[in-house]
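Have the model open while you read.

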Amino acid sequence: MLVALDLTARQAARVLTQAVRTHARLEIDPRSLFLDPPLGGTLESSDAAHLVVALTDGHERIALATLVGAMCDVRTILSGQLYLFSTAILEANDGAAKRLRLAIPQSIQVANRRQFARRSPTEPVPVRLTVSGAAQPLVGQLTNISRNGLGCRGGRQELDDVLLIGNEIHTEFVLPWAPQVYALPATVCTKTVCHDRSNLLVGLEFAAQTPATRATLELLRAALDSETRRLTEMDGDVL
């Protein structure tokens with residue numbers, strides 16, 4: 001469960017000023033979709049009512065005009081701190097320069113980056129999915145992973161009728177930077193059909209309840225924290 005602290009109005013204003021001055025990188029998750037990875041961009045400017053974001057990646061997967069009016073969750077890192085806020089997408093420019101105009105958030109929260117950062121694999125990572133009663137395990141490709149769950153992509157025809165929202169399944173995977181098999185139960189939380197209509201994005205939340213699975217989950221979290229620290233040292237304040 002994510003626990004974060006609300007900033008005061010003055011603190012939030014300072015955070016936005018710093019973000020604009022440094023052209024901070026933002027990760028933008030429209031709530032109406034399940035994009036893995038989320039939209040990425042840099043904060044170009046702001047005024048009393050708007051934030052202007054120049055999109056740098058992820059926009060090729062979606063018609064930006066469909067996002068107008070959508071609520072979204074935004075993350076950015078400044079001086080090693082992870083900041084979170086929710087806002088609405090007011091305008092979308094789908095021309096040569098891809099931009100979003102966001103409403104100024106009513107509140108901003110600060111959280112611990114090591115605990116809540118998500119990582120996306122830089123190489124293919126298969127995830128073995130075992131469903132009770134199924135004839136054989138399924139295989140998906142890892143799209144992102146955090147301390148609390150993971151996202152994976154697989155063939156819609158193979159996954160859709162077997163992975164049911166709310167059901168508990170068993171996952172097995174190996175991270176590229178931590179050559180160990182992680183075997184963890186997980187609950188199916190979300191399913192979204194990809195734009196090609198032939199693949200499915202599945203969101204899973206880890207459901208470690210026994211001492212053995214809790215120990216495995218702590219090993220996984222330690223590996224994720226270690227990799228996040230390494231990347232932070234290499235890249236500074238880049239998300």
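1. Let's begin with Glu-44. This residue comes out as partly exposed, at 30% relative accessibility. Keep in mind that we are looking at a predicted model.

2. What does the side chain of Glu-44 meet in a salt bridge? The partner is Arg-99, with an N to O distance of 2.8 Å. Arg-99 sits in strand β7 (residues 99-103) and Glu-44 in strand β3, so this pair ties together parts that are 55 residues apart in sequence. Arg-99 is partly exposed too, at 29% relative accessibility.

3. Next up is Asp-73, whose side chain forms a salt bridge with that of Arg-31 at 2.9 Å, N to O. Asp-73 belongs to strand β5 (residues 71-78), while Arg-31 is in the loop between β2 (25-30) and β3 (39-46), so the contact links parts that are 42 residues apart in sequence. As for accessibility, Asp-73 has a relative accessible area of 28%, which makes it partly exposed. Arg-31 is at 49% and still counts as partly exposed, because the exposed class begins only over 50%. I'd keep that cut-off in mind when quoting the label for Arg-31.

4. Then there is the salt bridge between Arg-156 and Asp-160, where the closest N and O atoms are 3.9 Å apart.

5. If you want the overall tally, the count comes to 9 salt bridges.

6. Last, the cysteines. How many disulfides does the structure hold? The number is 0, and the criterion would be a pair of cysteine sulfur atoms within 2.5 Å. Cys-189 is partly exposed, with 35% relative accessible area, whereas Cys-194 counts as buried at 12%.

Definitions and conventions. Residues are numbered from 1 along each chain as its sequence is written. This is a predicted model: local features need pLDDT of at least 70, side-chain atom pairs count only at pLDDT 80 or more; totals for chains, interfaces and linings use all residues. Side-chain values use heavy atoms; hydrogens and water are left out. A salt bridge is a side-chain nitrogen of Lys or Arg within 4 Å of a carboxyl oxygen of Asp or Glu. Helices (H or I, at least four residues) and strands (E, at least two) are DSSP runs, numbered from the N terminus. Buried means under 20% relative accessible area, exposed over 50%, partly exposed in between (1.4 Å probe, protein chains only).
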